[in-house]
Amino acid sequence: MKDVVTAGVDGTPESLSAVLWAAREAQLRQAHLRLLHAWVLLAPEPKHRPPPDRDQNYWPHRMMHETAAEVRTRFPDLSVEMMLVPKDPLDALREAAEVSDLLVLGAQDLGPVSRYALSELGLKLVPCTNAPTVLVHARQEDTAERDRAVLVGLSLHDPSVSLLDFAFAAASRRRATLRVLHGRHLPSYAYNRGGGVEASAAREAAHDARQELSAALDPWREKYPDLAVDHRVAMESPGPALVHHAADAELLIVGRRHRHRYRLPGPRIGRVVQSVVHRAPCPVAVVPHDGTPSRG
């Protein structure tokens, strides 16, 4: 554990929401909050701060100090560090992720039709970091006032230790109910020759999936005996199922396989991640994992 939560700062409303969400998370973790702004044209920082009329980084300094002041107003006991980095933002944030427990970024909000528009930077960054990354759009820090539920999407093909560890710890820190959702398509035998769904076969498939999901979670229930866990199965595509069940959640957690699991050039964000980060009504945590089976 590095005990550092890093938030990207760029002066936008989405960025401020991300910073405030990161501040609350750092407080829950009893960690240090690092505010990072990167720009290739930043001037070298002198040993002694020049007066405003001669400060080449006047506007970045002002932005960072105003952001930090907002954090300290709401979280007066939180340790906060400000960093101005004269680098390309992608490189700076990727490096910051390597020395952080969590990276938090803002994302554009396009309204209720397409709720979550991940920026070009985020699309490039999320698939290539080894640290969990949380994506927040404007006003999403207010989701902490919801019904204190954390939702995680779980594949039963490769349930991951790191994904479930992150999810159970996040719910435990918030004293929230953890909802574990598994989404899968109906098996072929559930359809009749006319293309309709055989109700009994569909019920049997859902029952088998719930049994399998419950068994996968048993070791984790033993590890977190005081945590309320609600496991659900949705017989539909995982992405839409997660978006639907996230309507009243304060955090949605999804996994992303590490780069080496892909047999394509360059990292990929994955279809489920792509779906939820563009449509989820709450902050989304993307947790990289290698598909190691869960043992609790």
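Mentor: Two strands pair if DSSP finds at least two bridges between them. Keep in mind that this is a predicted model.

Trainee: In which sense do β5 and strand β10 pair, and over how many bridges?

Mentor: Strands of a sheet pair through backbone hydrogen bonds, either parallel or antiparallel. Here β5 and β10 (residues 284-289) are antiparallel, over three bridges. Within β10, Ala285 is the bridge partner of Val134.

Trainee: What about strand β4 and β5?

Mentor: That pairing is parallel, over four bridges, with β4 spanning residues 102-106. Leu103 has Thr133 of β5 as its bridge partner. Gly106 has Val136.

Trainee: Which way do the residues of strand β5 point?

Mentor: In a regular strand the side chains alternate between the two faces of the sheet. In β5 (residues 133-136), Thr133 and Leu135 point one way, Val134 and Val136 the other. All four residues are buried.

Trainee: What is the strand order of the open sheet?

Mentor: The 10 strands run β3-β2-β1-β4-β5-β10-β9-β6-β7-β8, with mixed pairing. β3 (80-85) and β8 (229-234) are the edges; each has a single partner strand, so one side of each lacks a neighbour in the sheet. From one strand to the next, the twist averages 20°.

Trainee: Which strands does helix α8 touch?

Mentor: Helix α8 (residues 271-279) packs on the sheet and touches β5, β9 and β10. Its direction makes about 155° with that of β9.

Trainee: Is Arg34 buried or exposed?

Mentor: Buried means under 20% relative accessible area. Arg34 has 15% relative accessibility, so Arg34 counts as buried. Arg34 sits in strand β2 (residues 32-38). Its side chain makes a polar contact of 3.0 Å with that of Glu81. Arg34 also touches other residues, including Val5, Met83 and Val99.

Note on methods:
Residues numbered from 1 in each chain as written. Predicted model: local features only at pLDDT ≥ 70, side-chain atom pairs only at ≥ 80, totals over all residues. Heavy atoms only, no water. Buried < 20%, exposed > 50% of the residue type's maximum accessible area, 1.4 Å probe, protein only. Helix = DSSP H or I, 4+ residues; strand = E, 2+ residues; numbered from the N terminus. Polar contact = N/O pair within 3.5 Å; in protein donor to acceptor, adjacent residues only side chain to side chain. Contact = heavy atoms within 4.5 Å. Axes fitted to C-alpha atoms, helices over the stretch in contact; angles between N-to-C directions. Lists of a residue's contacts leave out its neighbours within four places in sequence.
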